[in-house]
Amino acid sequence: MKKVNARISVMIVCIILGFILTSQFRNILNKNKIYNTGNADITVELKSLKSQKEALEKSVNDLQAKISEYEKTSADKSGRTDQMLEELNNTRLLIGQTDVKGQGVIVTLIPKTGLLGAPSEEGRINDRDIVILLNELRFAGAEALAVNDIRITAYSGIRNSGNYIMVNNDERILPMKKVEIKAIGKKEDLQASLDLFQQATDFTGIFEMKVEPSDEISIKRYIKPYSFQYAKTVK
Amino acid sequence: MYIIFGLLAGVILGLVLKVNIPDQFSSYVSVAILACIDSVFGAVRGNLYKNFQADIFISGFFGNAILAAALAYLGDKLGVPIYLAAVLVFGGRIFDNFANIRRKLIENYKNSKSKDVI
């Protein structure tokens, strides 16, 4: 009798164990499934958004070409508007709304990878590192700057945001990957200031920094229109 | 034999009933499962050594599972990975029990063989 009881109890317990095991298994399988389908959806969405962005950028380019054509035709009529157009173009150049090219340097930051090629937590490039470098370049007389081909204007902000570094409020840089800073200016000055900077600051633990002078660097313009909501001209 | 039958019945029950364990409990359930497997191995071993007691087995089965899950939960709340303790202890004991079972089974097999020869 005792033995039968024992067998029944063991069997009941095994039923419970099997039951829990299966439900847990199914639970985890389901979770994986949900995760995977989510990934595929996001990829598709990313693709469509990317193509949308390209189309919109193209239309912006077309419209801007049209505007410059209008400006040219109206400027042809008199010498005075000609002068105004020149001033306008100069202002656009200053605020970063034109594609520019010229001599300068390309600074590449490559994060140090940890064991097994995985990016280490210390190898993360920080917003401050980029800001300091940009500041240094600007101080050395850089006229146009871009980080990962994102144009830096007088109104650009750069800060950490979660796993990314946000630039200009909506563009992101992946801090675990290499970051490329382009600067147009007198290349000797830029390089000299960066050399001095590298002597003074120790980034070597965090990432590798390469400075490459070049005679022909092209930087794309800042594509979004500026508008001030609060600042008004004092009359 | 009845262990395998019980497990099969449980698996079928689990497939048929489709009870969903909420996501946030799944890690605790995992630790509890480990404790349960340990108890079953203990039962097999007790059976082989002829010192199996049903009441001790059942109380150990539920007690260990609940304690393991509770520890894991407490560890989560305190930010200390206490579930590691449960994993280590039960994992170690499973291997321990299995080693004992293996030894006993092989001994039994050898004994029966030598009897045959004689």
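**Close-up views of chain B**

**View 1. How α2 and α3 of chain B cross.** In this predicted model, α2(B) and α3(B) cross in a right-handed manner. The two helices pack at an angle of about 155°, and their axes are 8 Å apart. Because angles over 145 degrees count as roughly antiparallel, α2(B) is described as roughly antiparallel to α3(B).

**View 2. Where α2(B) meets α3(B).** On the α2(B) side, look for residues including B:Tyr28, B:Val31, B:Ala35, B:Asp38 and B:Gly42. Their counterparts in α3(B) include B:Phe57, B:Phe61, B:Asn64, B:Ala68 and B:Tyr73. Sorted by class, this contact has 14 nonpolar, five polar and one charged residues.

**View 3. A closer look at helix α3 of chain B.** This helix covers residues 54-78, 25 residues in total, and its end C-alpha atoms are 35 Å apart.

**View 4. The side of chain B that touches chain A.** Here 28 residues of chain B are in contact with 21 residues of chain A. Helices α1 (2-17), α2 (26-48) and α3 of chain B each supply at least two residues to this side of chain B. The most comes from α1(B), with 12 residues. By class, the side of chain B that touches chain A has 21 nonpolar, six polar and one charged residues.

Methods: Residues are numbered from 1 along each chain as its sequence is written. Chains are lettered from A and ligands numbered from 1 in the order in which they are written. This is a predicted model: local features need pLDDT of at least 70, side-chain atom pairs count only at pLDDT 80 or more; totals for chains, interfaces and linings use all residues. Helices (H or I, at least four residues) and strands (E, at least two) are DSSP runs, numbered from the N terminus. The expected span of a helix is 1.5 Å times one less than its number of residues. Two residues are in contact if their C-beta atoms, placed from the backbone, lie within 7 Å. Ala, Val, Leu, Ile, Met, Phe, Trp, Tyr, Cys and Pro count as nonpolar, Asp, Glu, Lys and Arg as charged, and the others, Gly among them, as polar. Axes are lines fitted to C-alpha atoms, for helices over the stretch in contact, and angles run from 0 to 180 degrees between N-to-C directions. Angles under 35 degrees count as roughly parallel, over 145 as roughly antiparallel, 65 to 115 as roughly perpendicular and the rest as oblique. A crossing is left-handed if the near helix is turned anticlockwise from the far one by less than a right angle, and right-handed if clockwise.
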